[in-house]
Amino acid sequence: MNAPHQPDVGIDLTRRQEPLSLTDIGRAFGLSSRGAVHRWHKPPGQSAMDGKPPATTPALHAVAEALGTPLDRALVASARPRFPVDVVLALGKALGYLDADGRIVEELRGKGRGRWLPAAPTIDPATGKRRVYTNHLATALGVGNEAIERSLTRGVLTAPDGTDELDRNFWWAPTANAILIDQAQRRNQKPDTAKFF
């Protein structure tokens, strides 16, 4: 007798020890295809980039470098590339697919294409510091993402501290908290520390 079909719940990276293939990484992050994961491993061919070398290191390689985790060149260059679990966990947390405990963020399961922002602040793989994105700052300030973008364009808001592995702007948590304090003071209000990151 056939068992009823169980939905794919991904791969529990907190229990995994052997390196993961690109397909396994996609499943662990709840992605419906491995296209994004492939781009995190290998940049577009130079012919697609008019012969220019890639501007940035692919995300999986950048995270491995940031962690100081050496990649087994034979595993990475094989027909079925595989990456160490610690690199995959750190990337998942950095991009917002995984929470701080390494579990999938359910709101993102099967998330479509495009540039989306993480549901919660992410964790920088190199430093372990929290990164706050436009949507988090907008929510804390009670405005829309567009208002944050306009404020950045006008130079009214503190510039982002950097960009993540997908080139999304972020602020470190202390910078984001300073922005909340500054905005409250501009409105002659006391900062709401419950909204701090």
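Predicted model: local features only at pLDDT ≥ 70, side-chain atom pairs only at ≥ 80, totals over all residues.
**Entry 1: Phe83 and its neighbours**

Setting aside residues up to four places away in sequence, I found Phe83 in contact with Pro19, Leu20, Leu22, Ile25, His41, Leu60, His61, Leu71, Val76 and Val88.

Next I looked up the core around it. Phe83 is listed among the residues with the most contacts inside the largest nonpolar core, together with Leu13, Ile25, Phe29, Trp40, Leu60 and Leu91. That core has 29 residues. Helices α1 (22-28), α2 (35-41), α3 and α5 each give at least two residues to this core. Which helix supplies the largest share of the core? I found that α5 does, with seven residues.

**Entry 2: Helix α5**

Since α5 came up, I checked how enclosed it is. Nine of its 11 residues are buried, so α5 is largely enclosed by the rest of the structure. The buried ones are Val85, Val87, Val88, Leu89, Ala90, Leu91, Gly92, Ala94 and Leu95.

**Entry 3: α3 against α5**

Two packed helices are described by the angle between their axes and the distance between the axes, and I looked up both here. Helix α3 (residues 59-67) and helix α5 (residues 85-95) pack at about 110 degrees, and their axes are 9 Å apart. Angles of 65 to 115 degrees count as roughly perpendicular, and α3 and α5 are therefore roughly perpendicular to each other.

Which residues of α3 and α5 meet? From α3 I noted Ala59, Leu60, Val63, Ala64 and Leu67; from α5, Asp86, Val87, Ala90 and Leu91. Sorted by type, the residues of this contact are eight nonpolar, no polar and one charged.

**Entry 4: The sheet**

I moved on to the strands. Four of them make an open sheet in the order β3-β4-β6-β5, with antiparallel pairing. The edges are β3 (122-123) and β5 (162-163), each of which pairs on one side only.

Going through the pairs, I found that β3 and β4 pair in the antiparallel sense over two bridges. Ile123 has Arg130 in β4 as its bridge partner. The hairpin of β3 and β4 has six residues between the strands, and there Gly128 takes a positive phi near 80 degrees. Strand β4 (residues 130-133) and strand β6 (residues 169-172) are also antiparallel, over three bridges. Here Arg131 is the bridge partner of Trp172 in β6. Helix α6 (residues 134-141) packs on the sheet, where it touches β4 and β6, and its direction makes about 70 degrees with that of β4.

**Entry 5: Val132**

Is Val132 buried or exposed? Val132 is buried, with a relative accessible area of 0%. I located Val132 in strand β4, opposite Trp171 in β6. Val132 and Trp171 are 39 residues apart along the chain, yet their C-alpha atoms are separated by 5.1 Å. Leaving aside neighbours within four places in sequence, Val132 is in contact with Pro121, Leu137, Asn169, Phe170, Trp171, Ala173, Ala176 and Phe197.

**Entry 6: Leu157**

Leu157 is in the loop between α7 (145-154) and β5. I checked its burial too: Leu157 is buried, with a relative accessible area of 9%. Beyond the residues within four places in sequence, Leu157 is in contact with Leu137, Ile148, Ser151, Leu152, Trp171, Ile179 and Gln183. I looked up one distance here: Leu157 and Ile179 are 22 residues apart in sequence and 7.4 Å apart in space, C-alpha to C-alpha. Both Val132 and Leu157 contact Leu137 and Trp171.

Where is Asp167 found? Asp167 is in the loop between β5 and β6. Its phi is positive, near 60 degrees, although Asp167 is not a glycine. I noted Asp167 as partly exposed, with a relative accessible area of 43%.

My last stop was Asn188, in the segment after α8 (173-186). Asn188 is not a glycine either, and its phi is positive, about 55 degrees. With a relative accessible area of 71%, Asn188 is exposed.

Definitions and conventions: Residues numbered from 1 in each chain as written. Heavy atoms only, no water. Axes fitted to C-alpha atoms, helices over the stretch in contact; angles between N-to-C directions. Helix = DSSP H or I, 4+ residues; strand = E, 2+ residues; numbered from the N terminus. Parallel < 35°, antiparallel > 145°, perpendicular 65-115°, else oblique. Contact = heavy atoms within 4.5 Å. Nonpolar A, V, L, I, M, F, W, Y, C, P; charged D, E, K, R; others polar. Pairing = 2+ DSSP bridges. Core = buried A, V, L, I, M, F, W, Y, C linked by side-chain atoms within 4.5 Å. Buried < 20%, exposed > 50% of the residue type's maximum accessible area, 1.4 Å probe, protein only.
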